[in-house]
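Colleague: Hi! I'm new to this one, could you walk me through it?

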Amino acid sequence: MATAAETTPNTPFYKLGGHETMQAIVDRFYDLMDSDPAYAELRAMHAPDLSRMRKSLALFLAGWAGGPRDWLDQNPGRCMMSVHKPYAITKQVAGQWGEAMKRAIADVAPEDAELAKAMGGVLEELALGMGR
Ligand code: HEM
């Protein structure tokens with residue numbers, strides 16, 4: 001019989017609670033972006049209906065954090081740079097993305113807390129690095 005260690009890989013995705021946690025973070029992220037005027041510029045870059053992005057970003061983060069690779073399988077050869085090429089990402093709007101994501105992770109408060117905080121920090125760095 002498979003042990004828990006065999007069926008629960010040792011990656012951030014599984015340690016933080018899997019798809020349920022990724023979806024909760026992404027939903028909180030878009031709720032914040034949709035409601036807080038501090039993120040108005042970031043919001044304006046997105047389509048009026050965020051339901052596609054709610055699914056897409058949650059699946060992307062799952063694969064990025066070492067979980068199932070659905071987004072990567074559904075988007076073969078597609079990289080983060082090509083996804084964002086059409087958008088003029090200023091330092092300011094990159095900062096909005098990073099801040100909203102860090103807040104979303106803090107609000108969802110997944111266990112393990114240290115790992116969740118580290119993930120927020122890395123995502124913020126990633127976003128800031130995309131700003132020009
Ligand atoms: C730096 C600031 C960022 C800005 C301004 C930004 C903006 C956007 C916009 C406007 C879209 C298209 C939304 C739509 O179709 O309504 C998008 C898509 C996406 N972004 Fe970002 N983004 C940023 C950072 C990031 C980061 C750091 C990640 C990953 C960790 C990310 C992951 C994605 C994904 C997965 C998609 C959807 C791709 C797809 O399935 O079509 N973004 N982004």
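This is a predicted model: local features need pLDDT of at least 70, side-chain atom pairs count only at pLDDT 80 or more; totals for chains, interfaces and linings use all residues.

Colleague: Where is Gly 95 found?

Modeller: Gly 95 sits in helix H8, residues 91–108. Helices here are DSSP runs (H or I, at least four residues), numbered from the N terminus.

Colleague: Is Glu 124 buried or exposed?

Modeller: Glu 124 is buried, at a relative accessible area of 18%. Buried means under 20% relative accessible area, exposed over 50%, and partly exposed in between (1.4 Å probe, protein chains only). Gly 95, at 22%, is partly exposed.

Colleague: What is Glu 124 in contact with, leaving aside its neighbours within four places in sequence?

Modeller: Gly 98, Glu 99 and Lys 102, where contact means heavy atoms within 4.5 Å. Glu 124 itself belongs to helix H9, residues 113–130, and its C-alpha atom is 7.7 Å from that of Gly 95.

Colleague: New topic: what covers the buried residues of H8?

Modeller: The cover includes H3, helix H4 (40–45), H5 and H9. Among the buried residues of H8 are Val 93, Trp 97 and Met 101.

Colleague: And what follows H8?

Modeller: Ala 109 comes after H8, and its phi is positive, near 50 degrees.

Key
Residues are numbered from 1 along each chain as its sequence is written. Side-chain values use heavy atoms; hydrogens and water are left out. Helices (H or I, at least four residues) and strands (E, at least two) are DSSP runs, numbered from the N terminus.
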